[in-house]
Amino acid sequence: MTIDEVRLAEGVEDNIRTASRPSELRITDIRVAEIVGAPFTSALLKIYTNQGLVGFGEVRDGASATYALMLKSRLLGENPCDIDRLFRRIKQFGGHGRQGGGVSAIEIALWDLAGKAYGVPVYQMLGGKFRDKVRVYCDTDAEKPSGTETGKRLKERMDMGFTFLKMDLGLAQISHIPGAVVAPAGVLEGFRSHAGGRRVGQSLEQRRARNAVYDAQNVPHPFTGLHFTEKGLDLLDQYIHEVREVIGYEVPLAIDHVGHISLQDGIRLARRIEKYAPAWLEDVIPWQYTDQYRQLQEATSVPICTGEDIYLKEGFEPLLNSGISVIHPDLLTSGGILETKKIGDAAQDHGIAMAIHMAESPIAAMAAAHVAIATENFMALEFHSVEVDWWDDIVTGLPKPLVKDGFITVTDKPGLGIDDVVDEVISQHLQEGVKGIWLPTDHWDDEYSWDRTWS
(Lines give C-alpha, C1' and ligand atoms only; values in the text may rest on other atoms or scores of the structure.)
Protein backbone atom coordinates (compact mmCIF):
# COMPACT_ATOMS: atom_id res chain seq x y z
CA MET A 1 0.00 0.00 0.00
CA THR A 2 1.36 3.39 -0.97
CA ILE A 3 1.69 6.33 1.44
CA ASP A 4 -1.19 8.08 -0.31
CA GLU A 5 -3.39 4.99 0.04
CA VAL A 6 -2.56 4.77 3.76
CA ARG A 7 -3.47 8.42 4.26
CA LEU A 8 -6.73 7.93 2.36
CA ALA A 9 -7.65 4.92 4.49
CA GLU A 10 -6.89 6.84 7.67
CA GLY A 11 -9.02 9.76 6.49
CA VAL A 12 -11.99 7.51 5.84
CA GLU A 13 -11.68 5.97 9.30
CA ASP A 14 -11.65 9.44 10.85
CA ASN A 15 -15.13 10.09 9.42
CA ILE A 16 -16.70 6.88 10.67
CA ARG A 17 -18.51 6.82 14.01
CA THR A 18 -16.90 3.62 15.28
CA ALA A 19 -18.91 3.94 18.50
CA SER A 20 -22.17 3.96 16.56
CA ARG A 21 -23.69 1.10 14.60
CA PRO A 22 -26.86 2.66 13.14
CA SER A 23 -28.48 -0.70 12.37
CA GLU A 24 -28.15 -1.67 16.05
CA LEU A 25 -29.30 1.67 17.52
CA ARG A 26 -32.28 1.32 19.89
CA ILE A 27 -34.48 3.76 21.83
CA THR A 28 -34.19 3.21 25.58
CA ASP A 29 -35.87 6.23 27.22
CA ILE A 30 -37.69 9.51 26.64
CA ARG A 31 -37.64 12.42 29.12
CA VAL A 32 -38.61 16.09 29.18
CA ALA A 33 -37.77 19.44 30.73
CA GLU A 34 -40.73 21.85 30.85
CA ILE A 35 -39.66 25.49 30.62
CA VAL A 36 -41.24 28.92 30.39
CA GLY A 37 -40.04 32.26 29.05
CA ALA A 38 -38.23 31.31 25.85
CA PRO A 39 -40.52 33.13 25.04
CA PHE A 40 -43.57 31.07 26.12
CA THR A 41 -44.05 27.60 27.64
CA SER A 42 -42.62 24.55 25.90
CA ALA A 43 -41.14 21.17 26.75
CA LEU A 44 -37.65 20.18 25.67
CA LEU A 45 -37.35 16.48 24.89
CA LYS A 46 -34.58 13.89 24.92
CA ILE A 47 -34.67 10.47 23.28
CA TYR A 48 -31.95 8.23 24.75
CA THR A 49 -30.38 5.22 23.01
CA ASN A 50 -28.35 2.12 23.82
CA GLN A 51 -25.26 3.64 22.18
CA GLY A 52 -25.15 6.86 24.17
CA LEU A 53 -26.52 9.05 21.40
CA VAL A 54 -29.24 11.47 22.52
CA GLY A 55 -31.74 13.13 20.17
CA PHE A 56 -33.27 16.52 20.96
CA GLY A 57 -36.85 17.56 20.22
CA GLU A 58 -39.35 20.07 21.53
CA VAL A 59 -43.08 20.11 22.25
CA ARG A 60 -44.74 23.22 20.87
CA ASP A 61 -45.32 26.41 22.83
CA GLY A 62 -48.45 26.14 24.94
CA ALA A 63 -48.75 22.35 24.51
CA SER A 64 -48.56 19.58 27.10
CA ALA A 65 -45.51 17.34 27.44
CA THR A 66 -47.99 14.50 27.89
CA TYR A 67 -48.64 14.59 24.14
CA ALA A 68 -45.08 13.27 23.66
CA LEU A 69 -44.69 11.07 26.73
CA MET A 70 -47.82 9.06 25.93
CA LEU A 71 -45.97 7.80 22.83
CA LYS A 72 -43.01 6.39 24.76
CA SER A 73 -44.22 2.80 25.06
CA ARG A 74 -44.79 2.68 21.30
CA LEU A 75 -41.16 3.61 20.62
CA LEU A 76 -39.03 1.80 23.22
CA GLY A 77 -36.72 -0.77 21.61
CA GLU A 78 -37.11 0.68 18.12
CA ASN A 79 -34.36 1.93 15.83
CA PRO A 80 -34.74 5.73 15.72
CA CYS A 81 -33.29 5.81 12.21
CA ASP A 82 -36.51 4.23 10.92
CA ILE A 83 -38.09 7.68 11.03
CA ASP A 84 -40.85 7.29 8.47
CA ARG A 85 -42.02 3.93 9.78
CA LEU A 86 -42.18 5.17 13.37
CA PHE A 87 -43.86 8.40 12.30
CA ARG A 88 -46.59 6.44 10.53
CA ARG A 89 -47.10 4.45 13.72
CA ILE A 90 -47.58 7.45 15.98
CA LYS A 91 -49.04 10.15 13.73
CA GLN A 92 -52.63 9.12 14.56
CA PHE A 93 -51.99 10.50 18.07
CA GLY A 94 -51.39 14.03 16.84
CA GLY A 95 -53.85 16.70 15.81
CA HIS A 96 -54.22 20.29 14.77
CA GLY A 97 -52.95 23.12 16.95
CA ARG A 98 -51.04 22.13 20.06
CA GLN A 99 -52.25 18.54 19.76
CA GLY A 100 -49.60 18.02 17.08
CA GLY A 101 -46.87 18.89 19.58
CA GLY A 102 -46.06 15.40 20.83
CA VAL A 103 -45.74 13.60 17.51
CA SER A 104 -43.78 16.51 16.07
CA ALA A 105 -41.36 16.62 19.02
CA ILE A 106 -40.64 12.91 18.66
CA GLU A 107 -40.15 13.17 14.90
CA ILE A 108 -37.62 15.99 15.25
CA ALA A 109 -35.62 14.05 17.84
CA LEU A 110 -35.56 10.99 15.56
CA TRP A 111 -34.03 13.07 12.76
CA ASP A 112 -31.45 14.43 15.18
CA LEU A 113 -30.52 10.87 16.17
CA ALA A 114 -30.35 9.64 12.58
CA GLY A 115 -28.06 12.50 11.63
CA LYS A 116 -25.80 11.83 14.59
CA ALA A 117 -25.72 8.09 13.90
CA TYR A 118 -24.69 8.56 10.26
CA GLY A 119 -22.61 11.70 10.81
CA VAL A 120 -24.56 14.04 8.50
CA PRO A 121 -26.67 17.18 9.04
CA VAL A 122 -30.43 16.86 8.77
CA TYR A 123 -30.66 19.17 5.75
CA GLN A 124 -28.41 16.81 3.78
CA MET A 125 -30.77 13.91 4.45
CA LEU A 126 -33.61 16.08 3.10
CA GLY A 127 -31.83 16.54 -0.21
CA GLY A 128 -29.29 19.27 0.45
CA LYS A 129 -29.19 23.05 0.40
CA PHE A 130 -31.05 25.69 -1.55
CA ARG A 131 -29.32 28.42 0.50
CA ASP A 132 -26.45 28.79 2.95
CA LYS A 133 -28.29 30.72 5.65
CA VAL A 134 -31.88 31.22 6.80
CA ARG A 135 -33.56 34.62 6.78
CA VAL A 136 -35.28 35.30 10.10
CA TYR A 137 -38.21 37.64 10.55
CA CYS A 138 -38.43 39.39 13.90
CA ASP A 139 -41.92 39.09 15.38
CA THR A 140 -42.66 42.05 17.65
CA ASP A 141 -45.81 42.34 19.75
CA ALA A 142 -47.51 45.73 19.32
CA GLU A 143 -47.64 46.51 23.03
CA LYS A 144 -47.15 50.24 22.64
CA PRO A 145 -50.08 52.70 22.55
CA SER A 146 -49.14 54.17 19.18
CA GLY A 147 -47.82 53.11 15.82
CA THR A 148 -44.94 55.52 16.27
CA GLU A 149 -43.77 53.73 19.43
CA THR A 150 -44.17 50.32 17.79
CA GLY A 151 -42.28 51.65 14.79
CA LYS A 152 -39.39 52.63 17.06
CA ARG A 153 -39.25 49.10 18.47
CA LEU A 154 -39.22 47.70 14.93
CA LYS A 155 -36.51 50.15 13.91
CA GLU A 156 -34.40 48.80 16.77
CA ARG A 157 -34.80 45.35 15.22
CA MET A 158 -33.63 46.73 11.88
CA ASP A 159 -30.58 48.22 13.57
CA MET A 160 -29.81 44.71 14.87
CA GLY A 161 -29.70 43.46 11.28
CA PHE A 162 -33.19 42.07 10.78
CA THR A 163 -34.36 42.46 7.19
CA PHE A 164 -37.92 41.14 7.66
CA LEU A 165 -40.39 42.24 10.36
CA LYS A 166 -43.81 41.37 11.73
CA MET A 167 -46.20 43.27 13.99
CA ASP A 168 -49.71 42.96 15.42
CA LEU A 169 -52.58 45.00 14.01
CA GLY A 170 -56.19 44.46 15.00
CA LEU A 171 -58.59 44.24 17.92
CA ALA A 172 -55.89 44.46 20.58
CA GLN A 173 -54.88 47.93 19.44
CA ILE A 174 -58.37 49.48 19.40
CA SER A 175 -60.78 47.40 21.53
CA HIS A 176 -60.37 49.79 24.47
CA ILE A 177 -61.36 52.85 22.40
CA PRO A 178 -65.07 53.78 22.52
CA GLY A 179 -66.73 53.52 19.14
CA ALA A 180 -63.93 51.53 17.48
CA VAL A 181 -65.55 48.08 17.62
CA VAL A 182 -69.15 46.94 17.42
CA ALA A 183 -69.57 44.10 19.91
CA PRO A 184 -72.42 42.20 21.57
CA ALA A 185 -72.50 42.91 25.30
CA GLY A 186 -69.75 41.07 27.17
CA VAL A 187 -67.98 39.61 24.13
CA LEU A 188 -64.97 41.95 24.09
CA GLU A 189 -64.31 41.30 27.78
CA GLY A 190 -63.59 37.68 26.91
CA PHE A 191 -60.63 38.79 24.80
CA ARG A 192 -59.03 41.12 27.33
CA SER A 193 -57.44 38.32 29.34
CA HIS A 194 -55.94 34.95 28.52
CA ALA A 195 -56.43 31.50 30.02
CA GLY A 196 -52.64 31.32 30.41
CA GLY A 197 -50.32 28.38 31.00
CA ARG A 198 -50.00 25.79 33.74
CA ARG A 199 -51.71 26.70 37.03
CA VAL A 200 -51.09 24.74 40.23
CA GLY A 201 -53.30 24.71 43.32
CA GLN A 202 -56.33 26.44 41.84
CA SER A 203 -59.70 26.11 43.56
CA LEU A 204 -62.63 24.65 41.63
CA GLU A 205 -64.07 28.14 41.15
CA GLN A 206 -60.76 29.44 39.80
CA ARG A 207 -60.60 26.53 37.39
CA ARG A 208 -64.15 27.22 36.26
CA ALA A 209 -63.35 30.90 35.66
CA ARG A 210 -60.27 29.96 33.69
CA ASN A 211 -62.27 27.54 31.57
CA ALA A 212 -64.80 30.30 30.88
CA VAL A 213 -62.03 32.48 29.43
CA TYR A 214 -60.87 29.52 27.35
CA ASP A 215 -64.38 28.95 26.03
CA ALA A 216 -64.87 32.63 25.16
CA GLN A 217 -61.70 32.66 23.09
CA ASN A 218 -62.65 29.47 21.27
CA VAL A 219 -65.68 30.96 19.54
CA PRO A 220 -64.78 30.93 15.81
CA HIS A 221 -64.43 34.33 14.19
CA PRO A 222 -67.67 34.33 12.15
CA PHE A 223 -69.73 33.79 15.29
CA THR A 224 -68.37 36.44 17.65
CA GLY A 225 -70.41 39.33 16.25
CA LEU A 226 -67.36 41.63 16.42
CA HIS A 227 -66.99 44.28 13.69
CA PHE A 228 -64.64 47.19 13.09
CA THR A 229 -66.36 50.54 12.75
CA GLU A 230 -65.07 53.12 10.28
CA LYS A 231 -63.49 54.83 13.27
CA GLY A 232 -61.78 51.58 14.17
CA LEU A 233 -60.45 51.12 10.65
CA ASP A 234 -59.24 54.72 10.62
CA LEU A 235 -57.31 54.04 13.84
CA LEU A 236 -55.73 50.86 12.44
CA ASP A 237 -54.88 52.67 9.22
CA GLN A 238 -53.23 55.43 11.23
CA TYR A 239 -51.35 52.90 13.38
CA ILE A 240 -49.63 51.13 10.48
CA HIS A 241 -49.07 54.49 8.75
CA GLU A 242 -47.10 55.66 11.79
CA VAL A 243 -45.08 52.43 11.78
CA ARG A 244 -44.15 52.85 8.13
CA GLU A 245 -43.24 56.48 8.74
CA VAL A 246 -40.57 55.24 11.17
CA ILE A 247 -39.25 52.11 9.43
CA GLY A 248 -39.73 53.13 5.80
CA TYR A 249 -40.71 50.87 2.93
CA GLU A 250 -37.49 49.00 2.19
CA VAL A 251 -38.10 46.22 4.72
CA PRO A 252 -40.96 43.69 4.45
CA LEU A 253 -43.58 44.08 7.22
CA ALA A 254 -46.02 41.24 7.90
CA ILE A 255 -49.24 41.66 9.92
CA ASP A 256 -50.56 39.24 12.57
CA HIS A 257 -53.18 38.97 15.34
CA VAL A 258 -56.06 40.72 13.61
CA GLY A 259 -58.51 39.28 16.13
CA HIS A 260 -61.68 37.22 16.02
CA ILE A 261 -63.48 39.23 13.35
CA SER A 262 -65.56 38.24 10.36
CA LEU A 263 -64.46 37.57 6.79
CA GLN A 264 -66.09 40.82 5.72
CA ASP A 265 -64.12 42.84 8.27
CA GLY A 266 -60.95 41.07 7.21
CA ILE A 267 -61.60 42.23 3.65
CA ARG A 268 -62.25 45.79 4.81
CA LEU A 269 -59.00 45.88 6.80
CA ALA A 270 -56.96 44.26 4.01
CA ARG A 271 -58.14 46.84 1.49
CA ARG A 272 -57.33 49.68 3.89
CA ILE A 273 -53.72 48.58 4.38
CA GLU A 274 -52.87 47.64 0.78
CA LYS A 275 -51.07 50.98 0.35
CA TYR A 276 -48.61 50.03 3.10
CA ALA A 277 -47.39 47.00 1.10
CA PRO A 278 -47.61 44.37 3.87
CA ALA A 279 -45.66 41.18 3.30
CA TRP A 280 -48.75 39.25 4.32
CA LEU A 281 -51.89 39.39 6.49
CA GLU A 282 -52.01 36.39 8.78
CA ASP A 283 -54.74 34.23 10.36
CA VAL A 284 -57.61 36.58 9.61
CA ILE A 285 -60.11 33.71 10.04
CA PRO A 286 -59.77 30.08 11.15
CA TRP A 287 -57.74 28.05 8.65
CA GLN A 288 -60.54 25.49 8.29
CA TYR A 289 -62.71 27.96 6.34
CA THR A 290 -60.90 27.51 3.04
CA ASP A 291 -63.76 28.91 0.95
CA GLN A 292 -63.64 32.09 3.01
CA TYR A 293 -59.89 32.27 2.50
CA ARG A 294 -60.49 32.11 -1.23
CA GLN A 295 -62.93 35.03 -0.96
CA LEU A 296 -60.50 36.99 1.19
CA GLN A 297 -57.54 36.57 -1.17
CA GLU A 298 -59.64 37.37 -4.23
CA ALA A 299 -60.85 40.58 -2.58
CA THR A 300 -57.41 42.11 -1.89
CA SER A 301 -53.92 42.48 -3.30
CA VAL A 302 -52.43 41.88 0.17
CA PRO A 303 -50.85 38.40 0.33
CA ILE A 304 -52.94 36.23 2.67
CA CYS A 305 -51.21 33.78 5.01
CA THR A 306 -52.22 31.03 7.46
CA GLY A 307 -51.23 27.54 8.57
CA GLU A 308 -49.40 27.50 11.92
CA ASP A 309 -52.09 25.30 13.47
CA ILE A 310 -52.45 22.70 10.70
CA TYR A 311 -51.32 19.11 11.25
CA LEU A 312 -49.92 16.97 8.41
CA LYS A 313 -49.65 17.52 4.67
CA GLU A 314 -53.21 16.32 4.08
CA GLY A 315 -54.39 19.02 6.49
CA PHE A 316 -52.86 21.65 4.21
CA GLU A 317 -54.20 20.28 0.94
CA PRO A 318 -57.60 22.06 0.92
CA LEU A 319 -55.88 25.34 1.81
CA LEU A 320 -53.36 24.95 -1.02
CA ASN A 321 -56.30 24.97 -3.43
CA SER A 322 -57.81 28.14 -1.93
CA GLY A 323 -55.56 30.59 -3.73
CA ILE A 324 -53.77 32.09 -0.70
CA SER A 325 -50.26 33.44 -1.19
CA VAL A 326 -48.26 32.20 1.83
CA ILE A 327 -48.47 29.17 4.11
CA HIS A 328 -47.03 29.37 7.60
CA PRO A 329 -46.56 25.91 9.17
CA ASP A 330 -45.03 25.36 12.60
CA LEU A 331 -42.83 22.25 12.63
CA LEU A 332 -44.00 21.49 16.16
CA THR A 333 -47.59 21.17 14.95
CA SER A 334 -47.27 20.16 11.30
CA GLY A 335 -45.72 16.77 12.03
CA GLY A 336 -42.05 17.67 12.21
CA ILE A 337 -39.19 17.92 9.75
CA LEU A 338 -40.04 15.63 6.84
CA GLU A 339 -43.74 16.47 6.89
CA THR A 340 -42.98 20.20 6.70
CA LYS A 341 -40.57 19.61 3.82
CA LYS A 342 -43.39 17.78 2.01
CA ILE A 343 -45.82 20.61 2.81
CA GLY A 344 -43.41 23.20 1.42
CA ASP A 345 -42.88 21.25 -1.79
CA ALA A 346 -46.65 20.81 -2.24
CA ALA A 347 -47.13 24.56 -1.73
CA GLN A 348 -44.51 25.27 -4.38
CA ASP A 349 -46.48 23.17 -6.86
CA HIS A 350 -49.35 25.62 -6.30
CA GLY A 351 -47.15 28.73 -6.59
CA ILE A 352 -47.38 29.41 -2.84
CA ALA A 353 -44.47 30.63 -0.72
CA MET A 354 -43.68 29.10 2.69
CA ALA A 355 -42.77 31.03 5.82
CA ILE A 356 -42.23 29.06 9.04
CA HIS A 357 -43.75 29.83 12.44
CA MET A 358 -41.45 29.30 15.45
CA ALA A 359 -41.81 30.59 19.01
CA GLU A 360 -39.71 28.22 21.10
CA SER A 361 -36.10 27.36 21.99
CA PRO A 362 -33.02 26.90 19.75
CA ILE A 363 -34.00 23.24 19.37
CA ALA A 364 -37.17 24.14 17.46
CA ALA A 365 -35.31 26.94 15.68
CA MET A 366 -32.67 24.54 14.35
CA ALA A 367 -35.23 21.97 13.25
CA ALA A 368 -37.01 24.71 11.30
CA ALA A 369 -33.74 26.06 9.92
CA HIS A 370 -32.78 22.66 8.47
CA VAL A 371 -36.14 22.48 6.68
CA ALA A 372 -35.74 26.08 5.47
CA ILE A 373 -32.28 25.36 4.05
CA ALA A 374 -33.67 22.38 2.11
CA THR A 375 -36.93 23.89 0.77
CA GLU A 376 -36.84 26.04 -2.35
CA ASN A 377 -39.93 28.21 -1.80
CA PHE A 378 -38.98 29.16 1.77
CA MET A 379 -39.35 32.87 2.59
CA ALA A 380 -38.55 33.59 6.26
CA LEU A 381 -38.46 31.93 9.70
CA GLU A 382 -40.08 33.49 12.76
CA PHE A 383 -38.00 34.58 15.76
CA HIS A 384 -39.91 35.72 18.83
CA SER A 385 -37.12 35.74 21.43
CA VAL A 386 -35.01 38.77 20.57
CA GLU A 387 -35.46 40.08 24.14
CA VAL A 388 -34.82 36.72 25.89
CA ASP A 389 -31.21 37.18 26.99
CA TRP A 390 -30.74 33.51 27.99
CA TRP A 391 -32.19 32.00 24.80
CA ASP A 392 -28.82 31.21 23.20
CA ASP A 393 -27.58 29.70 26.47
CA ILE A 394 -30.13 26.85 26.42
CA VAL A 395 -27.90 24.73 24.17
CA THR A 396 -24.25 24.28 23.25
CA GLY A 397 -22.58 23.60 19.92
CA LEU A 398 -24.34 26.25 17.83
CA PRO A 399 -23.00 29.60 16.61
CA LYS A 400 -23.50 32.27 19.26
CA PRO A 401 -25.57 34.27 18.82
CA LEU A 402 -27.55 31.81 16.72
CA VAL A 403 -29.51 34.63 15.05
CA LYS A 404 -26.92 37.08 13.74
CA ASP A 405 -27.69 40.08 11.50
CA GLY A 406 -31.14 38.63 10.87
CA PHE A 407 -29.98 35.19 9.70
CA ILE A 408 -29.27 31.69 11.07
CA THR A 409 -26.23 29.94 9.64
CA VAL A 410 -26.69 26.16 9.53
CA THR A 411 -23.42 24.28 9.96
CA ASP A 412 -22.55 20.84 8.61
CA LYS A 413 -22.51 19.27 12.09
CA PRO A 414 -24.45 16.00 12.39
CA GLY A 415 -28.18 16.00 13.17
CA LEU A 416 -29.54 19.35 14.24
CA GLY A 417 -26.03 20.53 15.09
CA ILE A 418 -26.69 20.79 18.83
CA ASP A 419 -24.10 19.26 21.17
CA ASP A 420 -26.10 19.39 24.39
CA VAL A 421 -28.62 21.32 26.46
CA VAL A 422 -27.46 23.32 29.48
CA ASP A 423 -29.20 21.97 32.57
CA GLU A 424 -28.16 24.89 34.77
CA VAL A 425 -29.91 27.34 32.44
CA ILE A 426 -33.14 25.45 31.90
CA SER A 427 -33.42 24.63 35.62
CA GLN A 428 -33.79 28.35 36.26
CA HIS A 429 -36.83 28.62 33.98
CA LEU A 430 -39.16 25.74 34.86
CA GLN A 431 -42.91 25.96 34.43
CA GLU A 432 -45.00 26.40 37.56
CA GLY A 433 -45.31 23.20 39.55
CA VAL A 434 -42.55 21.33 37.70
CA LYS A 435 -40.27 19.53 40.17
CA GLY A 436 -37.17 19.04 38.03
CA ILE A 437 -35.70 18.25 34.63
CA TRP A 438 -35.23 14.95 32.83
CA LEU A 439 -37.12 13.13 35.59
CA PRO A 440 -37.83 9.41 35.14
CA THR A 441 -40.85 8.61 32.97
CA ASP A 442 -41.09 4.90 33.76
CA HIS A 443 -44.83 5.21 34.37
CA TRP A 444 -45.24 5.64 30.60
CA ASP A 445 -43.23 2.53 29.70
CA ASP A 446 -46.16 0.10 29.69
CA GLU A 447 -48.95 2.33 28.37
CA TYR A 448 -50.85 0.20 25.86
CA SER A 449 -53.85 0.08 23.59
CA TRP A 450 -54.69 -1.75 20.38
CA ASP A 451 -54.19 1.26 18.14
CA ARG A 452 -55.11 -0.05 14.70
CA THR A 453 -57.83 2.17 13.25
CA TRP A 454 -59.37 -0.43 10.91
CA SER A 455 -60.64 -4.01 11.17
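This is a predicted model: local features need pLDDT of at least 70, side-chain atom pairs count only at pLDDT 80 or more; totals for chains, interfaces and linings use all residues.
The whole structure was searched for aromatic pairs, and five were found. In one of them, the ring centres of Tyr137 and Trp280 are 5.5 Å apart and the ring planes meet at 80°, so this pair is edge-to-face. Tyr137 and Trp280 are both buried. Together with Phe164, these two residues make up one aromatic cluster.

Another pair consists of Phe162 and Phe383, which are stacked, with 6.3 Å from centre to centre and 20° between the planes. This pair also links distant parts of the chain, as Phe162 and Phe383 are 221 residues apart. Phe162 is located in the loop between helix H6 (147-159) and strand E5 (165-168), and Phe383 is in strand E13 (residues 378-383). Both Phe162 and Phe383 are buried.

The charged end of Lys46 is placed over the ring of Trp438, at 4.4 Å from the ring centre. For Trp454, the charged end over the ring is that of Arg452, at 4.5 Å from the centre. Trp438 is in the segment after helix H16 (423-426). With a relative accessibility of 9%, Trp438 counts as buried because the limit for that class is 20%.

Strands E1, E2 and E3 form an open sheet in the order E1-E2-E3, and their pairing is antiparallel. E1 and strand E3 (54-59) are the edge strands, each pairing on one side only. On average, neighbouring strands of this sheet are turned by 20° against each other, direction ignored. Strand E2 (residues 41-49) and E3 run antiparallel and are joined by six bridges. Within this pairing, Ala43 has Val59 of E3 as its bridge partner.

Glu34 is part of strand E1 (residues 27-36). Its relative accessibility is 18%, and Glu34 therefore counts as buried. Apart from neighbours within four places in sequence, the residues in contact with Glu34 include Ser42, Ala43 and Ala65. Arg198, His429, Leu430, Gln431 and Val434 are also among the contacts of Glu34.

Strand E5 pairs with E4 and with E8. Three bridges connect E4 and E5, and these strands run parallel. Asp139 is opposite Lys166 in E5. E5 also runs parallel to strand E8 (residues 253-256), with four bridges between them. On that side, the bridge partner of Lys166 is Ala254 in E8. Both faces of E5 are covered. Leu165 and Met167 are buried on one side, and Lys166 and Asp168 are buried on the other.

A disulfide is a covalent bond between the sulfur atoms of two cysteines. The search of the whole structure finds zero disulfides. Cys81 has a relative accessibility of 17% and so counts as buried. Cys305 takes part in no disulfide, and the nearest cysteine sulfur, which belongs to Cys138, is 17 Å away. Cys305 is buried, with a relative accessible area of 0%.

Val187 is in the loop between strand E6 (181-182) and helix H8 (204-216). Its relative accessible area is 22%, and Val187 is therefore partly exposed. When residues up to four places away in sequence are not counted, Val187 touches Thr224 and Leu226. Val187 and His443 are separated by 256 residues in sequence and by 43 Å in space, C-alpha to C-alpha.

Some backbone angles were also noted. Most residues other than glycine have a negative phi, and most peptide bonds are trans. His257 is not a glycine, yet its phi is positive, at about 55°. This residue lies in the loop between E8 and H10. At a relative accessible area of 45%, His257 is partly exposed. Trp438, also not a glycine, has a positive phi of about 55°.

The peptide bond from Ala38 to Pro39 is cis, and its omega is near 15°. Pro39 is in the loop between E1 and E2. The bond from Lys400 to Pro401 is likewise cis, with omega near 0°. Pro401 is in the loop between strand E14 (395-396) and strand E15 (403-404).

Technical notes. Residues are numbered from 1 along each chain as its sequence is written. Side-chain values use heavy atoms; hydrogens and water are left out. Rings of Phe, Tyr and Trp (its six-membered ring) pair if their centres lie within 6.5 Å; planes under 30 degrees apart count as stacked, over 60 as edge-to-face and the rest as tilted. Buried means under 20% relative accessible area, exposed over 50%, partly exposed in between (1.4 Å probe, protein chains only). Helices (H or I, at least four residues) and strands (E, at least two) are DSSP runs, numbered from the N terminus. A charge sits over a ring if NZ of Lys or CZ of Arg is within 6 Å of the ring centre and within 35 degrees of the ring normal. Contact means heavy atoms within 4.5 Å. A disulfide is a pair of cysteine sulfur atoms within 2.5 Å. Two strands pair if DSSP finds at least two bridges between them. Axes are lines fitted to C-alpha atoms, for helices over the stretch in contact, and angles run from 0 to 180 degrees between N-to-C directions.
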